Structure formats: structure tokens, C-alpha cells
Amino acid sequence: MSERHISQHFETVAIHAGNTADPLTGAVVPPIYQVSTYKQDGVGGLRGGYEYSRSANPTRTALEENLAALEGGRRGLAFASGLAAEDCLLRTLLSPGDHVVIPNDAYGGTFRLFAKVVSRWGVEWSVADTSDPAAVRAAITPRTKAVWVETPSNPLLGITDIAALSHVAREAGAKLVVDNTFASPYLQQPLALGADVVVHSLTKYMGGHSDVVGGALVVADQALGEELAYHQNAMGAVAGPMDAWLVLRGIKTLAVRMDRHSENATKVAEMLTRHARVTRVLYPGLPEHPGHETAAKQMRSFGGMVSFQVEGGEEAAVEVCNRAKVFTLGESLGGVESLIEHPGRMTHASVAGSLLEVPADLVRLSVGIENVDDLLEDLKQALG
């Protein structure tokens, strides 16, 4: 629907890639093609390659072209959710008997997919600290087909050196998969650092308004992109046209939102480091964060996610969440509004008792774009 690269500048690409004016009406945003099937010009005579909206839909095409341009990839694919994207990727890359290295700090839904779903059809996995290339190398087996990374990670905000791990994965003949949800392509572009596949929950920063659920894959290799597209169609968990349109709308303001998220989060993290009830602050923008130098090297800025631990243990952490007023108690992240949650009881309950279990006294913040003084005062009163 458009040329993929209209500019070298991210802000311009975000607004224009995939967003060609409608040829019929001149509409400056892609229409919502709320349609299931398309009239063919004779048997096999498809108009623009469209026959059935599971296989392709013009609104989804616009989003997929936009995603590929933002991540610097050859092919982008949009799905009904982030986990749908992950499922398609795993079933495309893996066969029974294959092995995957996963991080010791990963989203609970990703862990559940590996531990409870993928393992049932014979795929094995092992856990490694992906911030340590030697640990990843030690976890790799002759059957390893993929190394899975989140950076920054969820919820402990760990940082992985993508370029370093790309060499480790390549030596083993494995694909490096990077979940770029926390950073977004505005702050970090894993394909340029050597990753093979980028994963997104479009629900988060890409959509940005807590009004859509979606997922994406972007790949550097055209052949892998075609293989993924085959499985996307065969499995069917595609993004609907309204969802694709909402994500496209959100992406247009991604750059300005991420700047504000990062600015606010930095001030929140700095305040928390000075608070008497906070025992530890996890934010890659802080100089004392163990991954700070790596994050500074591979990210434009440090993002809007902050986690911290409080004195008094689990019940104290839960009470902080319950006392917040401007921060909304809720799961998910990346919207314009600030959210607060207790990972151990909420987003990461599925990892309880595993190697990925999170600290019970941990609170996770998705710092929004409100006035930062209001956010700071709300956290101070919540902490007491």
C-alpha cells in the first residue's frame, strides 16, 4: 500500500509508512476494511492479492508495512495478541525434540506458553540469565533452535546485550528472538543489533491507549517472513481490521509518548531511590543499575517501566498498590495512563514456584504521561 521507507527519521516513518491516502476518496488514514471476503475478477483473479481477510486485509497490510519499517525488517505480521504472535513463531521455528533457551526473567504469559503448552508437544526449554552471554552459551544444546530474550525484561527490568547474544546464537545455529515490547522500536531496534525476530505485544506502547489487544512479529529474513505468513494464515490468529487501525493510530504518536514516558519514569525512579520505605529500585536509567551501560549503548532512552521493592514484604507491597489513586491498579502497561500492580499476585502469578518466581515485595509501575508532580505525590502518599 505504500513505500516502506519514506524517510530515515523515525517520527516521519511512524506517521507515513503504510499510510498511503485512500485512492478512492483521498482519506489520509487507511480505511477500516471491515470485510471478510472480496470479489474476484474471474477464478483466481484477485484484486491486489485479497481474497479472504484471514489471509490478508488492507487495513492489516498497512499496519504490517508500518511495523516492518519501524523495526527495519523485511516482513511484519500482525496478530490477535502478543501470545498469538509468539505461538505462531514457536510453531514455525520448532519441531518435537527441539530446545529453546528462555530468560530467567520473562513475562508470565510467555513462561506459561513454554511450560504448559509448547512442552506438551515435545519442545524442551531451559532457563538462563540472558544478561550473561556465558550463561546462555552454557544453556545451549545441540538441539537449541532459538534463544529468547526480553530487554528490558518483565518485571525486573533486566538488560541483555543484544549484539553479544546474537553472536552466541549464531555460533549455535539458533535464531535470536527479542521481545521488544518494553522498549518499542522508538527506543531500541533489535534487528539492527543482530536479532533474527522481534516480538511485540501491540497492546502496550505501540497501541498506547489501553483500548486494543494485538501482537506482532518482524523479521530480518524474507524467507522466514514468508514461512511465518504461511503459518499465520494456516493458524488464523490474525489482527482484525479495527484492531489494526487502532494500533496504526497509536503508533503515530509513539515517539512523543515514549519521550514523555521516559522523562516521567526517570523522575519517578530517582524519587523512589530516596524514599525510606523503598529497599531497591529497578530502572535501567539509574547509573547503579547493572545493565545501565548496555542499555545506554543500545537504547535511545530508558523507557517508562519502573519496578521497586518495599520494606515490610508482600503485604506492604500489596498495600502500596491498593493505596495508589492516580496510578490505576491494573494489569498490562504502556498506556498513556499510569498503572501499578503486584506482579507476584497478578501478571506473574503463573511463575510462582518456578525459577522465574518474582520477589513477593515487588511493585511494578507503568509510568504514564500525566503531570509528573501528580505521579510523585501519589506514590509518596501510597508509600506512607
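The largest nonpolar core in this predicted model counts 83 residues, and Leu 272, Phe 308 and Leu 365 have the most contacts inside it. Helix 10, residues 254–273, supplies the largest share of this core, with eight residues. Apart from it there's another core of 29 residues, including Cys 88, Val 100, Ile 102 and Phe 114. As a general point, nonpolar side chains in soluble globular proteins tend to be buried together.

Back to Leu 272. Neighbours within four places in sequence aside, Leu 272 touches Val 278, Val 281, Val 306, Phe 308, Leu 365 and Leu 383.

Now for how helix 10 sits against helix 13, residues 372–383. The two pack with their axes 10 Å apart, at an angle of about 30°. Angles under 35 degrees count as roughly parallel, so helix 10 runs roughly parallel to helix 13. The crossing of helix 10 past helix 13 is right-handed.

Here is who meets whom:

| Helix | Residues in the contact |
|---|---|
| Helix 10 | Asn 264, Lys 267, Val 268, Met 271, Leu 272 |
| Helix 13 | Val 372, Leu 375, Leu 376, Leu 379, Lys 380, Leu 383 |

By type, the residues of this contact between helix 10 and helix 13 split into eight nonpolar, one polar and two charged.

Then there's Leu 355, in the loop between strand 11 (339–341) and strand 12 (362–366). Is Leu 355 buried or exposed? Its relative accessible area is 71%, and over 50% counts as exposed, so Leu 355 is exposed. Leaving out neighbours within four places in sequence, Leu 355 is in contact with Asn 104 and Val 127. Leu 355 and Ala 128 are 227 residues apart along the chain, with 9.6 Å between their C-alpha atoms.

Methods. Residues numbered from 1 in each chain as written. Predicted model: local features only at pLDDT ≥ 70, side-chain atom pairs only at ≥ 80, totals over all residues. Heavy atoms only, no water. Core = buried A, V, L, I, M, F, W, Y, C linked by side-chain atoms within 4.5 Å. Buried < 20%, exposed > 50% of the residue type's maximum accessible area, 1.4 Å probe, protein only. Helix = DSSP H or I, 4+ residues; strand = E, 2+ residues; numbered from the N terminus. Contact = heavy atoms within 4.5 Å. Axes fitted to C-alpha atoms, helices over the stretch in contact; angles between N-to-C directions. Parallel < 35°, antiparallel > 145°, perpendicular 65-115°, else oblique. Left-handed = near helix turned anticlockwise from the far one by under 90°. Nonpolar A, V, L, I, M, F, W, Y, C, P; charged D, E, K, R; others polar.
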